[in-house]
Amino acid sequence: MNPKASINILLICLTACTPAAAQSGELSLADCFRIARNKNLAVEQARRSLQARQYQLKAEQSTYFPKVDLLAGYNYLSQPLEVNLQQVKNGIVEGSSQQSVSTANSVYQQITGNPLPQPVQDGIYNTTKGIINTVYPNYNPALSKQQYFTAALGLRQPIYLGGKLATARDIAKAEYESGIVNVELVEKQMDFLLAAAYIRILYFNAVLLSQERIVASMERNERFAISLVNNEIIPPYQRNWATVALTFARSRHENIALEKINAMVELKRLMQLPQDTTLTITDTLHYKQLESILPPEGFYKGNPTYKAVASKTALAESTVKASRSLSLPNIFGIASLNLYQRDLPITTPPWLVGVEMQWNLFSGFSHQKKVKATKLWVDEAKIAADNTQALLEAGAAVVRNKVTVLQRDMQSLSQARAQAQLTTAQVQERLANQLSSVKDVNDALLIEEEIGKAYYTALFGYLLAAAEYYNILGTPQQITTLLQ
């Protein structure tokens, strides 16, 4: 199945979710929201980031479990380990000679009750010293080979780390919660852009219908002018006025149609649909009064923009705890199980257990400076949250005033449009009675066209302002209530 056919089937399934869509095949704004939720790359990117933060949180939650490592090593020495007997020769010879004299003297004293005579002691000392000097090695014996192998299992269990593990979990949790808010923020921004693009298409549909009526009226005016010229009632140049006006009206209609095509391109891009996908949107703009333009108290707290900034405060507070924990000791339980050793010059015990402490006593005051820096980050995050709150409240007030102004404009333009249509009908009737010229009808149609465009432009601005208002509230999808 080709991608275009798959997209069409998807659109049919989505539009079947609502009765109106099922009857007309019209792609509603709600359908656009659903498609973009599943296909928009920015939303998918934010979701992948959230998944990564979720795994990071799970990883930090398991850091208190013991770590078991397989330790293995191969070592090659530049030369074998040796005992330096020559360095201790004098001490060994002297000590052994003195030991021989002391032993002989002790035995003689036990037998006779008197110590050995000094000459005899000197003789034993000199004789023993000479013998030892004769047999003492004149080399340093090697203790090992030049290479050896070892393998063991090592276990390291955190006992107390000064809150470092808990702080790491808090930071990971804050990052995860920030990722949730980031998904909401990306979805909100996408919803607003979709709403703006969709409203723009409805605007072009409305203007195109209005322009088609103008073109149809000018075509009738040209045909009537041709019949008058053929009957030699009016001169040919008056027919030329009708032809020129019709030509420019058709050109304006074609330009608006091209602008609608560009708007459709943007809508497909936001929904991540192939550009050759066929979308059906024939609805036009309709005025529906906004129920309330007074945002509820504390509305900014539900806006993902504010929540994204506020989440940085919790993250900054966790970094303060992390900086303080750097000055506290770390205590680990350790254990080792020897698995294999070969050619090692010493025999190690098969296993060992112990407790290990690590405590940084001086860091050049870097820890204290990090604490001060993180405290300032907390202050910065709080200021950013307050600034975002002020911006959202000011934005709501500005949009509220903009909606009021556009509502007034639409009221006056609606009356002017009705009056222009009436005037055009009257001028056409006078032309039929030869009381007005073809140019008078063209001028009336041009004025009706401009007033109609002005009305739909004001309506477009009103609905766009309403979408912006709902976007500030944090619920841009609510604009669908004004487009039904």
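Visitor: What classes of residue make up the lining of the largest cavity?
Guide: That lining has 2 nonpolar, 3 polar and 3 charged residues. Ala, Val, Leu, Ile, Met, Phe, Trp, Tyr, Cys and Pro count as nonpolar, Asp, Glu, Lys and Arg as charged, and the others, Gly among them, as polar. Keep in mind that this is a predicted model: local features need pLDDT of at least 70, side-chain atom pairs count only at pLDDT 80 or more, and totals for chains, interfaces and linings use all residues. Residues are numbered from 1 along each chain as its sequence is written, and side-chain values use heavy atoms, with hydrogens and water left out.

Visitor: Which residues line the largest cavity?
Guide: Ser210, Arg213, Ile214, Arg417, Gln421, Glu448, Gly452 and Tyr456. On a 1 Å grid over the protein atoms alone, a cavity is a set of points where a 1.4 Å probe fits but cannot get out, and lining residues have an atom within 4 Å of a point.

Visitor: Switching topic, how many aromatic pairs does the structure hold?
Guide: There are 8. In one of them, Tyr300 and Tyr306 have ring centres 5.0 Å apart and planes at 75°, so they sit edge-to-face. Rings of Phe, Tyr and Trp (its six-membered ring) pair if their centres lie within 6.5 Å; planes under 30 degrees apart count as stacked, over 60 as edge-to-face and the rest as tilted.

Visitor: Are Tyr300 and Tyr306 buried or exposed?
Guide: Tyr300 is buried at 11% relative accessible area, and Tyr306 is buried at 14%. Buried means under 20%, exposed over 50%, partly exposed in between (1.4 Å probe, protein chains only).

Visitor: What about the rings of Tyr455 and Tyr456?
Guide: Their centres are 5.3 Å apart and their planes at 70°, so that pair is edge-to-face. Tyr455 is buried at 10%, and so is Tyr456, at 11%. Ring pairs also link Tyr203, Phe204 and Phe460 into a cluster.

Visitor: Where is Glu187, and what does its side chain join?
Guide: Glu187 is in helix H7, residues 164–230. A polar contact of 3.4 Å joins its side chain to that of Arg47. That term covers a pair of N or O atoms within 3.5 Å; within protein, one must be able to donate a hydrogen and the other to accept it, and residues adjacent in sequence count only if both atoms are side-chain atoms.

Visitor: Is Glu187 buried or exposed?
Guide: Buried, because its relative accessibility is 15%.

Notes. Helix = DSSP H or I, 4+ residues; strand = E, 2+ residues; numbered from the N terminus. 1 Å grid on protein atoms, 1.4 Å probe; cavity = no way out; pocket = protein on both sides within 12 Å on 5 of 7 lines; lining within 4 Å.
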